[in-house]
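Here are my notes from going through this one, point by point. Have the structure open while you read.

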Amino acid sequence: MAPPGDLREWIGLLEREGELVRVTAEVDPHLEVTEIVDRVVKAGGPALLFENPKGSSHPLLVNQFGTERRMCLAFDADSLDEVGRRLGDVLEMQPPQGLVDKVKGLKKLKSIADSQPKNVRSGPSQEVVLTGDDVDLSALPVQTCWPGDAAPFITLPAVITRDPRTGGRNVGMYRMQVLDRSSTAMHWQIHKDGRADYLLADGKLEVAVALGLDPVTAYAASAPLPKHVDELMLAGFLRGEPVELVPGKTVDLEVPANAEIVLEGYIGKDDLTTEGPFGDHTGYYSPAEPFPVFHVTAITTRRDAIYPSIVVGKPPAEDAWLGKATERIFLPAIRMSAPEIVDYDLPVAGAFHNCCIVSIRKSYPGHAQKVMHAIWGLGLLSLTKSVVVVDEWVDVHDYNEVFFRVGANVDPKRDVLLSEGPLDHLDHAPTLQFYGGKIGIDATHKGPEEGARPWPEEIVMSDEVRSLVDVRWSEYGIRREAVEADGHSKGALRQLLRR
Ligand SMILES: Cc1cc2nc3c(=O)[nH]c(=O)nc-3n(C[C@H](O)[C@H](O)[C@H](O)COP(=O)(O)O)c2cc1C
Ligand SMILES: [Mn+2]
């Protein structure tokens, strides 16, 4: 088994696994799809293939990523941590010691070599080619997601550009407001790589947008890689198969051969439009702002192309699991810069950039503060508004336990670090857009060098008594389930968050 090779294989897999419902009733992409999907996502329900979206002959797929199970199916993995380990193995490669090590090493090297995208002559994404007056975005079932949205917008694109200086490719996921038959806005925020390519271009920047990819490549478009790393290489590595590319019809860019739909075109320097407002993953409407206009020169598609969508809004929404995939996959990479980090959690309810809980192997005074600064200095994690640091034995995914440590171990006067720095483009809370306050909370055990009194011992029952009670349990006449169902467990909390 390997991750699905294209969107149709993926739909087939979802269907076989009982993870997809085909909706044959005519449904309006204007608001109605959102209300349906929002209910289904929040209940942990299936992916939906709307076969008859109103006003379009293209089926609309949504909620493909909406549960942990589907995310694991997409990566062909038992857990998202396993996907992270695959990457960690390569990052932490050591020089081989003996023959066995050498053979393992060669396998890993081969997997890296096979990650580079591969150019091929032709592909299904160009079965139908529409240029000139035939370009018509209104043929696609583009959703208008929320009542206050300015227009329909393309929600799940993989936007491909090249760095005008280095030629390096970038792929990012940026919402695209449909302006008319052949143009959209391009909402690349100020911290993003696509925006940087645009700022470096003089005159115009060629852009290609792939829609309806295999799930791993679609995920990769949302991954926060350093600018010089091609997201398609990550996709190739995680798929175990290179992404195949074909030359664009009207642009000097390569486009995925397996996409359902590709939009080709360009963005002119200083050609701006008013983008928004749109309901976004902050749970609020982001206000109208100037963003560049993308002019579409060609639409190429597979025959009977399927249009992919995702709805973002108040958390939890479908993008929760794209974010959780990133959280898990990037843990080994984060540990490369901060090896004392044991684990971290970006709560879905915190829209990912609002809060980061991190557990560390603390070994010197001020270590928690060092890690706060590390988080504030790492890629897009630098936009994190609050960081909570706990000791290595605390389960960062158990919010009840984290809350306990914050309450029990924090002297706000000593353990709260107020700082400032860059904030998420869409964060409406800071006084200034893009820049504002940050808070770090040190909930670790403190030593005398940090000005604490002798730290008390934590309450733990002795192993002796625990074993004794295990052995004697049946004598007490208390049902085992009565103590196994932990009302305050992580599972129970997750249930609450889903509601
Ligand atoms: C569903 C979804 C929608 C997104 N929309 C936007 C967006 O409109 N603008 C933006 O800058 N980032 C958006 N993002 C986040 C970027 O895709 C993400 O930061 C990615 O790392 C950007 O790629 P880059 O670092 O190569 O620029 C979105 C992410 C998801 C999952
Ligand atoms: Mn990038």
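Predicted model: local features only at pLDDT ≥ 70, side-chain atom pairs only at ≥ 80, totals over all residues.

1. Take helix α3 (residues 68–75) and α9: their axes cross at roughly 60 degrees and come within 10 Å. By the cut-offs above, α3 and α9 are therefore oblique to each other. The crossing of α3 past α9 is right-handed.

2. Now for α4 and α9. Helix α4 (residues 80–91) packs with helix α9 (residues 319–329) at an angle of about 40 degrees, and the axes are 7 Å apart. That pair, α4 and α9, is therefore oblique too. Here again the handedness is right: α4 passes α9 in a right-handed crossing.

3. On to the metal. Which protein residues are donors to the manganese ion (ligand 2)? They are N170 through OD1, D193 through OD and E231 through OE, at 2.1 to 2.2 Å from the ion. Along the sequence, the spacing of these donor residues reads N-x22-D-x37-E. D193 sits in helix α6 (residues 193–200) and E231 in helix α8 (residues 231–239), so this pair, 38 residues apart, links distant parts of the chain.

4. Are D193 and E231 buried or exposed? D193 has a relative accessible area of 15%, which makes it buried because the cut-off is under 20%. E231 comes out at 2%, so it is buried as well.

5. Helix α14 (residues 463–476) is worth a look. With 14 residues at 1.5 Å a residue, α14 should span 20 Å, and its end C-alpha atoms are 19 Å apart, so the two agree. After α14 comes G477, with a positive phi near 75 degrees.

6. Last, D411. You'll find D411 in the loop between α12 (399–409) and α13 (412–415). Its relative accessibility is 32%, so D411 counts as partly exposed. D411 and D442 are 31 residues apart along the chain, and their C-alpha atoms are separated by 8.9 Å.

Conventions:
Residues numbered from 1 in each chain as written. Chains lettered and ligands numbered in written order. Heavy atoms only, no water. Donors = N, O, S within 2.8 Å, 3.2 Å for Na, K, Ca; no water. Helix = DSSP H or I, 4+ residues; strand = E, 2+ residues; numbered from the N terminus. Buried < 20%, exposed > 50% of the residue type's maximum accessible area, 1.4 Å probe, protein only. Expected span 1.5 Å × (residues − 1). Axes fitted to C-alpha atoms, helices over the stretch in contact; angles between N-to-C directions. Parallel < 35°, antiparallel > 145°, perpendicular 65-115°, else oblique. Left-handed = near helix turned anticlockwise from the far one by under 90°.
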